[in-house]
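Q: I would like to learn how to read a fold from its parts. Can we go through one together?

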Amino acid sequence: MIIIRVMGGLGNQLQQYALYRKYESLGVEARLDLSWFDETVQENMLAKRQLELSYFADLPMQIATGEEIRAVLGRQFGEPESLFAKIGRKINPALAPVFTESDMYHPQILEWKQKYLVGYWACEKYYADILPQLRDSIRFPVSSDERNHGLAEEMELRESVSVHIRRGDYLDEANRAMFGNICTEAFYDSAIAYMKKKYPQAVFYIFSDDSDYVREHYRGEEYHIVDWNRGDDSFYDMMLMSHCRHNICANSTFSFWGARLNRHPDKVMIRPSIHKNTQICVPEEMKSLWQGWTLITPDGEII
């Protein structure tokens, strides 16, 4: 059995869920471990999270029981390994029951039948072939805010482009070194110019956690600021992104999924060439792993 640890925010949870569904499509028995969201775990987190997969109506999933986790790990996750297990892992690392993501893409994991997987699994190549099925399964609940209904309808009728600008936590000292200065003004200027050249009638819907910044920087009839979905309703921004015909994403799994759930067959999806500052972009590799996406560097170069 494959068990995938679910953790992080909504975008990461959807990626872990997508990998789970990929295993099921391969005929491999798989489960999701939701224990990261237990109160005893979350109380020690600096940024507390909740299980947002539960927001989606009738999302098919099988949850790992304690017995199933112990059968794969020989213990509960977080408990210390036995001396026997440590010795066995040192003799043959392939026998280790836990595999932790350390690169963008690990093709070997799709050949496994038993392992406990820890990671975020952002790479499009893991589950690109089952995205049509995922779009059918991931259904947003009906919003109580009429503005969301009206805007979704408007987006479907126009040459709409979502633009996700994530600032907030990416400006914090703890996150800036890892995630900052990737989606620069040069990145967004290049992405918007690319869309305007391709679609002269494009209308841009700006989603951001910094309304003051975007109102100052994006003025004009072609720009519309979407800033009312907050708190528990913030995931409706992802829903609205998915109704746009095209998507400009931040280095954020949240907007990646806004684009992935977009059903328009001729959509243009733009993302930064790197997700973290520790990543080195190899254009040929990135284009292979993110087929169908347009990649733009922090300097604004389209690769």
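Q: In which sense do strand β1 and β4 pair, and over how many bridges?

A: First, the ground rules. This is a predicted model, where local features need pLDDT of at least 70, side-chain atom pairs count only at pLDDT 80 or more, and totals for chains, interfaces and linings use all residues. Residues are numbered from 1 along each chain as its sequence is written, and side-chain values use heavy atoms, with hydrogens and water left out. Helices (H or I, at least four residues) and strands (E, at least two) are DSSP runs, numbered from the N terminus. Two strands pair if DSSP finds at least two bridges between them. Here, β1 (residues 2-5) and β4 pair in the parallel sense over 3 bridges. Isoleucine 2 stands opposite lysine 115 in β4.

Q: What is the strand order of the open sheet of 4 strands?

A: The order is β2-β1-β4-β3, with parallel pairing. β2 (30-33) and β3 (98-100) are the edge strands, and each pairs on one side only. Neighbouring strands in this sheet are turned by 25° against each other on average, direction ignored.

Q: Which strands does helix α3 lie across, and at what angle does it run to β4?

A: Take the conventions first. Axes are lines fitted to C-alpha atoms, for helices over the stretch in contact, and angles run from 0 to 180 degrees between N-to-C directions. Contact means heavy atoms within 4.5 Å. Helix α3 (residues 66-73) lies across β1, β2, β3 and β4. Its direction is at about 100° to β4.

Q: Which strands stand at the edges of the open sheet of 6 strands?

A: Read the order first: β7-β6-β5-β8-β9-β10, again an open sheet with parallel pairing. β7 (223-226) and β10 (293-296) stand at the edges. Each has a single partner strand, so one side of each is left without a neighbour in the sheet. On average, neighbouring strands here are turned by 25° against each other, direction ignored. Helix α6 (residues 146-157) packs on this sheet and touches β5 (160-165), β6 (203-208) and β7. The direction of α6 makes about 140° with that of β6.

Q: Over how many bridges do β8 and β9 pair?

A: Strand β8 (residues 246-248) and strand β9 (residues 269-272) pair over 2 bridges, in the parallel sense. Asparagine 247 stands opposite methionine 269 in β9.

Q: How do the axes of α1 and α11 cross, and at what angle?

A: Two packed helices are described by the angle between their axes and the distance between the axes. The axes of α1 (residues 10-25) and α11 (residues 253-260) come within 7 Å and cross at roughly 55°. That makes α1 oblique to α11. For the cut-offs, angles under 35 degrees count as roughly parallel, over 145 as roughly antiparallel, 65 to 115 as roughly perpendicular and the rest as oblique.

Q: Which residues of α1 and α11 meet?

A: From α1 come Leu10, Gly11, Asn12, Leu14, Gln15 and Ala18. From α11 come Thr253, Phe254, Phe256, Trp257 and Arg260. By class, this contact has 6 nonpolar, 4 polar and 1 charged residues. Here Ala, Val, Leu, Ile, Met, Phe, Trp, Tyr, Cys and Pro count as nonpolar, Asp, Glu, Lys and Arg as charged, and the others, Gly among them, as polar.

Q: Is tryptophan 121 buried or exposed?

A: Buried means under 20% relative accessible area, exposed over 50%, partly exposed in between (1.4 Å probe, protein chains only). Tryptophan 121 is at 0% relative accessibility, so it counts as buried. It lies in the loop between β4 (115-118) and α5 (131-137). Tryptophan 121 has a positive phi of about 55°, although it is not a glycine.

Q: Where is asparagine 181 found?

A: Asparagine 181 is in the loop between α7 (173-179) and α8 (185-198). Its phi is near 60°, a positive value in a residue other than glycine. At 64% relative accessibility, asparagine 181 counts as exposed.

Q: Which residues does asparagine 262 touch, not counting those up to four places away in sequence?

A: They are Arg135, Ser242, Cys244, Arg245, His246, Asn247 and Lys267. Asparagine 262 sits in the loop between α11 and β9. It counts as buried, at 0% relative accessibility.

Q: How many residues of α10 are buried?

A: α10 is mostly covered, with 7 of its 8 residues buried. Among them are Tyr236, Asp237 and Met238.
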